[in-house]
Amino acid sequence: MAPKLLALSSLSSICPFPIPNSSPSSLNIYKFHTPKSTLIFCKSTEPQAISESEPEGYGAAAPTRGDIYLQRQQVVAASSSVLATTKKKKKKKDNIFKISNLAPCCYGCGAPLHTLEVDAPGYVDQETYDLKKKHHQLRKILCGRCRLLSHGHMITAVGGNGGYSGGKQFVTAEELREKLSHVRHEKALIVKLVDIVDFNGSFLARVRDLAGANPIILVITKVDLLPKDTDLNCVGDWVVEATMKKKLNVLSVHLTSSKSLVGISGVVLEIQKEKKGRDVYILGSANVGKSAFINALLNTMSYKDPVAASARKYKPIQSAVPGTTLGPIPIDAFLGGEKLYDTPGVHLHHRQAAVIHAEDLPTLAPQSRLRGQVFPSSGQNLDSQIANRMRSSGLSGLSIFWGGLVRIDVLKVLPETCLTFYGPKALQIHVVPTEEADEFYQKELGVLLTPPTGKEKADDWMGLETKRHLQIKYEDIERPTCDVAISGLGWFSVVPVNKSAGISNPVSEVTAGELTFIVHVPKPVEIFVRSPMPVGKAGGQWYDYRELTEEELEVRPKWFF
């Protein structure tokens, strides 16, 4: 075996005895590999001058063969120790954050398979389990819970902070979040999903805690639910502006619909461009539409990718129940061998879904295009006392209930001020004088004011314990001043002057001022005040594109639909 030349500096770190005085150019160090050890020898390349008085270690004081042998053994032991330590550290670092693929999981929800508890996620009867195990097909099993979910049953499984009341709770929201903790240490491409109807509530502002420094593609879902004639150019620019304010650096922004496949092909191209041999993780809050998005993604990719086409047979389950996915689901979706991961939704305690009963969850999910409910409106049937009061002073002194989940006390507005509500159609709007609001809420909760649905659930309801005082300044009276977004529900926009409201008084001549409201919601639910989203035909008319500097153009992500 040919010797290998080593540097002198590497020898000094492992050699236990001092090296004779010589410059680096005067020594050649050779390393010989044997099956069990490494031998290192030093050879001088320059002639040594023999002095009359020989230094210690030469002549009669030269080391014996036994001393040389012991020194060699010490060198071999030291080098072996260094190599073993280095190899052990490297192995530990490589394996510390690997996902264990030993336990087979349900391909629909990612829950580990078992045959013990019938109601628990991941349950499979013993006969089916044994048969699939015999044929090495355990990764092609759908658990009992997923079969029920696929037939429209509402079966919750997540409890704890951000979980759901009613039904059995087999896993906490904190445990699901812990299953995503390894992602920030992986080399991955992150596709982050945000629900356009609940933009602020589902945004995951601290997504870097999960994604680490990995690149992010931002995907906005459910744009098919926006009101008719909405200009997606304006919405795309609005989304990018909101993203920049949150100081989240993303590669690109995509407006999509998993139902109509709008924008999905653009996401496919961006993933193929940016993954660069990395696995792709789909992240988002609970019920944001991750499983539906993955199905749309596989459907689009299957036209050109046979691997994606075969993966469609065992795709994740879609359900209206937040917390359908209970574990990371690896999907073979790319020709290059990279994995596409459907991940558990991040359950947020500040959304409305975390406080209402499981049976009322479907009422929070819009099923068709949003239609803004303008209040007040000339076509509404109101009590004569309320109608006369609104003609004289507008909404001031009134309380507006949005189902049983939101109450808005109007303290000070212009006579022509109106509110436009965007959210689930199941939530009806009711208005009473503010002095009668408390009594009305106690009497009608669970009856007129739903959810919660039914008096039994209303008796256990915590009420609207959170109050937020809003002072909204306006400068342009004929365009929306702001949106007030309710986490997990929707939003209402505030228009200082609505000329079509049917108010008998002349239009106010003021051009600037302040509007005052008090908004009541359940205790953990958050309220966001934001710039108005340009929806509907009118939104494209009043929306203004901001002029950008050259520096902003360089760092600003592009958006596509």
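# Exercises on a predicted model

Buried residues make up 47% of the 561 residues in the protein chain. The model is predicted, and its protein chain holds 15 helices and 22 strands. Among contacts between residues at least 6 apart in sequence, 72% join residues at least 24 apart.

## Exercise 1. Strand E7

Determine which strands pair with E7 and in which direction they run, and state where the residues of E7 point.

Solution. 

1. Strand E6 (residues 188-195) is joined to E7 by 6 bridges, and the two run parallel. Within this pairing, isoleucine 190 stands opposite isoleucine 216 in E7.
2. Strand E8 (residues 252-255) is joined to E7 by 4 bridges, again in a parallel arrangement. Here the bridge partner of isoleucine 220 is leucine 255 in E8.
3. In a regular strand the side chains alternate between the two faces of the sheet.
4. In E7, Ile216, Leu218 and Ile220 point one way, while Ile217, Val219 and Thr221 point the other way. All of these residues are buried, in keeping with the count of 6 buried residues out of 6 for E7 (residues 216-221).

## Exercise 2. Strand E19 and its hairpin

Identify the pairing partners of E19 and describe the hairpin of E18 and E19.

Solution. 

1. Strand E15 (residues 418-422) runs antiparallel to E19, with 5 bridges between them. Threonine 420 has serine 493 of E19 as its bridge partner.
2. Strand E18 (residues 482-486) also runs antiparallel to E19 and is joined to E19 by 5 bridges. Cysteine 482 has valine 494 of E19 as its bridge partner.
3. The hairpin of E18 and E19 has 3 residues between the strands, and glycine 488 takes a positive phi near 85°.
4. On one side of E19 lie Gly490, Phe492 and Val494, and on the other Trp491, Ser493 and Val495; all are buried, and both faces are covered.

## Exercise 3. Glutamine 352

Solution. 

1. Glutamine 352 is placed in the loop between strand E11 (339-342) and strand E12 (373-375).

## Exercise 4. Cysteines and disulfides

Solution. 

1. A disulfide requires cysteine sulfur atoms within 2.5 Å.
2. Cysteine 143 is buried, at 0% relative accessible area.
3. The count of disulfides comes to 0. Cysteine 106 is likewise in no disulfide, and its nearest cysteine sulfur, that of cysteine 146, is 3.6 Å away. Cysteine 106 is buried, with a relative accessible area of 1%.

## Exercise 5. The second largest pocket

Characterise the second largest pocket by its volume and the make-up of its lining.

Solution. 

1. The volume of the second largest pocket is about 1000 Å³.
2. Its lining comprises 48 residues, and the closest to the pocket centre are Lys222, Asn287, Val288, Gly289 and Ser319.
3. By class, the lining divides into 20 nonpolar, 19 polar and 9 charged residues.
4. Helix H9 (residues 290-301) gives the most to the lining, with 3 residues.

Conventions
Residues are numbered from 1 along each chain as its sequence is written. This is a predicted model: local features need pLDDT of at least 70, side-chain atom pairs count only at pLDDT 80 or more; totals for chains, interfaces and linings use all residues. Side-chain values use heavy atoms; hydrogens and water are left out. On a 1 Å grid over the protein atoms alone, a cavity is a set of points where a 1.4 Å probe fits but cannot get out, and a pocket is an open set with protein on both sides within 12 Å along at least five of seven lines; lining residues have an atom within 4 Å of a point. Grid points are joined across faces, edges and corners, and a volume is the space filled by probe spheres set on the points. Ala, Val, Leu, Ile, Met, Phe, Trp, Tyr, Cys and Pro count as nonpolar, Asp, Glu, Lys and Arg as charged, and the others, Gly among them, as polar. Buried means under 20% relative accessible area, exposed over 50%, partly exposed in between (1.4 Å probe, protein chains only). Two strands pair if DSSP finds at least two bridges between them. Contact means heavy atoms within 4.5 Å.
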